[in-house]
Amino acid sequence: SFTAPQLYKIAEAADRIFDLNLFHGDLCFSNISFDNENNLLLFDWEVILERVKKNKFSLRTTTYCLHPEDKKLQKVSRLTDIFGIAALTIISFNEPVWRRHLSYDKDSRQKLADYIDSIPNFSNVELVDRILHKMQRRM
């Protein structure tokens, strides 16, 4: 899991990436690290399509970080990066069981997506801030 300062660094980097009209597509724990000086490192920038039949492909990405709309459409987009940042924040500051909830429970994924979609015009930094404050109020 990540600390609050690390989550803010991840969110800041995603905001800068969005400013370039790019997105990562699989922001999950295994694709994010920090070096000894606490500099952010992002790995695994390719999107993986798995051939399941002759003319049918399946998107392979980390389920707990995939926005339900992108999952339904079998694509990745900025929505997936935003959803991934929200998921990383929740998992880092709650029980690790939330990784399983967001991986396998469609309702949990949809509730998080609905929460994200309810916030108008926000940066990833603002999203992390809102989630952390919301979780602190619950404690």
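Q: Are phenylalanine 29 and tyrosine 64 buried or exposed?
A: Buried means under 20% relative accessible area, exposed over 50%, and partly exposed in between (1.4 Å probe, protein chains only). Both phenylalanine 29 and tyrosine 64 are buried. The model is predicted: local features need pLDDT of at least 70, side-chain atom pairs count only at pLDDT 80 or more, and totals for chains, interfaces and linings use all residues. Residues are numbered from 1 along each chain as its sequence is written, and side-chain values use heavy atoms, without hydrogens and water.

Q: How many aromatic pairs does a search of the whole structure find?
A: A pair of aromatic rings is described by the distance of the centres and the angle of the planes. Rings of Phe, Tyr and Trp (its six-membered ring) pair if their centres lie within 6.5 Å; planes under 30 degrees apart count as stacked, over 60 as edge-to-face and the rest as tilted. The search finds three such pairs. One of them, phenylalanine 2 with phenylalanine 34, is edge-to-face, at 5.9 Å centre to centre and 70° between the planes.

Q: Which residues form one aromatic cluster?
A: Phe2, Phe29, Phe34 and Tyr64 form it. Phenylalanine 2 is buried at 9% relative accessible area, and phenylalanine 34 is buried at 14%.

Q: Which side chain does serine 108 join through a polar contact?
A: A polar contact is a pair of N or O atoms within 3.5 Å; within protein, one must be able to donate a hydrogen and the other to accept it, and residues adjacent in sequence count only if both atoms are side-chain atoms. The side chain of serine 108 joins that of aspartate 105 at 2.7 Å. Serine 108 is buried, with a relative accessible area of 12%.
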